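Here is a short briefing on a protein model and its ligand. Look through the structure first, then read the points below.

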Amino acid sequence: MSKKFYITTPIYYVNDVPHIGHAYTTIAADVAARYKRLGGHDVFFLTGTDEHGQKVQQAAIEAGKSPQDHVDSLYIRFKELWQKLNISHTDFIRTTEPRHKKVVQEILQDLHDRGEIYKDSYEGWYCMPDERFWTEKDLVDGNCPECGRKVEKIKEYNYFFKMGQHQDWLIEQIQSNEKFILPASRRNEVLGFLQKPLEDLCISRPKERLSWGIPLPFDDDYVTYVWFDALINYISVHGSLADVRASGYWPTSHHLIGKDILTTHAVYWSTMLKAMDLAVPDNIFAHGWWTVNGQKMSKSLRNVVEPNLLIEQFGVDVIRYFLLREVPFGLDGDFSHKALIGRINSDLANNLGNLVNRTLNMLGKYFKGIVPQPDAAGDEDALLKKKCSEVVGEVDKLFDELAFSKILMKIWELLDTSNQYINNTAPWNLAKSEEGKKRLATVMYNSAEAVRVIGILISPFMPETGDKIMAQLGIDTPVNQQGLDSLKQWGWIKAETQTHQGAQIFPRIDDPAAAKLLASIETGSEPEKTEPPEQITIEDVMKLDLRTAKILEAEKVKKSKKLIKLKVDLGNEQRQVLAGIAETYEPEQLIGRTVILVANLKPAKLMGLESQGMILAGSSGKKIVLAGFDEALDLGARVK
Ligand code: MSP
């Protein structure tokens, strides 16, 4: 029976707009899952969305929806992005699904019955947005140490999980198993954290304060703390505790997480598992964080790198490759479009693309595209084969450590050796003489086989490219069926295979094109579209009720960098409108100006405030200019 391999990503907060940080963990898990499948493992790869808690409840209220409708409309953004990124997950779990809720309640009941959960009064400082209690000494300047926002002193009864009693056991687990928490720096961080006494974990929230959660099965006045609920997703996807044990997928091979959620996994989750009498995961791997051009990614800085746009601009495989090649897994990294284009040109176009292209080109030129029968091997051939088997072995070891960038560097060593092999054997010279032709057949056979090996090795990282390479080589057997076993013996590709040279798999982005692309990204302007925008009719235009309006009052919206709250006068009525112009205009500059209002726009809530219309403005890059008039007009006049 094939060996089971279970890998997970965190389940993402459904409220968040998916960005490259989320894509990073998911791509990493996908690469590991695909590689293990190539090796014949029975892989279960889980991802999903975290859908309960205060932030979701709050956002649903602001959107004027029920929390369930709200999350139903949001989780799909993650699902769709994973599809575009060719993520090959086995299941996608949502914490609002009945199958999950049922298991959370079963576990809670079981722990309660066995005295692992107790009720007690608790007084502490509570950070509403983070849904966490802090002690007095945790606070920084009297505020939440995590997000810097205000905390409230709360005293209430709650339920607690007896986490503290497992402290010594947990330290022993971590110390006796080097691979349990990786990288080593994170392992030390957790051991450092465990030097302080480990407190019990508050796992309930009173319903009167937060209703959007899974009710405690033994006390209907409470819902489950969102982390206690979320972590159980790793189990609930398989069913009850008994089902998990029977599934063969326990313990988890790797929980991939970001460094920010290390404590919840290494400490909360491990002790929860101990209480449930389940083994801890083989490995929890905490990767680093991505910044963008040196800055933290944030909505207010408008620098969130949107993976959908990147895929459109550069293609899926390029993004998958870049994220895992650029930064060693475990360290922080910086994203820039310039670095991305650099990698496309050097690693992908010049190196990989060139090897595939020249090999297929020479096969076409010297052998009508048919892979020739090789002849006796010489020293050069032996070197190539040796390098190949060395790389295949090293890659396998490095996959156990999830050292993705090192793996890619290893594969690129094989690429270099293969390119070098062609340079040294100089097929173009061999082709000149009849006696050179025998040698030429061997060289071209070996080059084709090297390209195949490279195609298989890169396919977990770049699945589409792997398939393209196989198609050009004329190999019908899918990558997965060739598998890692096919790499162990040189000579899998059959002589007589008819190859089909296709387009360059990674065309270079030349300097003018790169400069243009970077400029459009820099200024935030739309990249040039090849398709003209859709045409609309005059009736469509007339649907817009545009009116002149005068700004009477203007003030910045607290906690928002962009929004200004305006009161505008349309002659016969006044309205409140929110405009995202605070980065360009000061409120004082706006009072008295006549602007154009979209008067029949459905009201919407932004940051909890109603906006009854929209002000027209033009933008280029980050610059925003309000549309207006040369001369005064009556207020409320129609604009067409
Ligand atoms: N819902 C919890 C996880 C529960 S798992 C039982 C959560 N969700 S999250 O959406 O906020 O974050 C999910 C993952 O995205 C985390 O691993 C986090 O580290 C990762 N990232 C979020 N921003 C990131 C970067 N800028 N860079 C890299 N990863 C980042 O936490």
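**The ligand and its shell**

β1 contributes the most residues to the shell around the ligand, namely four. This is a predicted model, where local features need pLDDT of at least 70, side-chain atom pairs count only at pLDDT 80 or more, and totals for chains, interfaces and linings use all residues. Residues are numbered from 1 along each chain as its sequence is written, and side-chain values use heavy atoms, leaving out hydrogens and water. Helices (H or I, at least four residues) and strands (E, at least two) are DSSP runs, numbered from the N terminus.

**Around the ligand**

- The ligand is surrounded by 24 residues, each with a heavy atom within 4 Å of it.
- The closest are I11, D50, G258, D260 and W290.
- A polar backbone atom of I11 is 2.8 Å from a ligand nitrogen atom.
- A ligand oxygen atom lies 2.5 Å from a polar side-chain atom of D260.
- The protein covers 96% of the 660 Å² of accessible area that the ligand has on its own (Shrake-Rupley method, 1.4 Å probe).

**The open sheet**

- Four strands make an open sheet, ordered β5-β4-β6-β8, with antiparallel pairing (two strands pair if DSSP finds at least two bridges between them).
- The edge strands, β5 (132-134) and β8 (201-202), each pair on one side only.
- Three bridges link β4 (residues 117-127) and β5.
- W125 stands opposite W134 in β5.

**Residue S88**

- S88 sits in the loop between α3 (67-84) and β3 (91-94).
- Its relative accessible area is 17%, so S88 counts as buried (under 20%, 1.4 Å probe, protein chains only).

Methods. Buried means under 20% relative accessible area, exposed over 50%, partly exposed in between (1.4 Å probe, protein chains only). A polar contact is a pair of N or O atoms within 3.5 Å; within protein, one must be able to donate a hydrogen and the other to accept it, and residues adjacent in sequence count only if both atoms are side-chain atoms.
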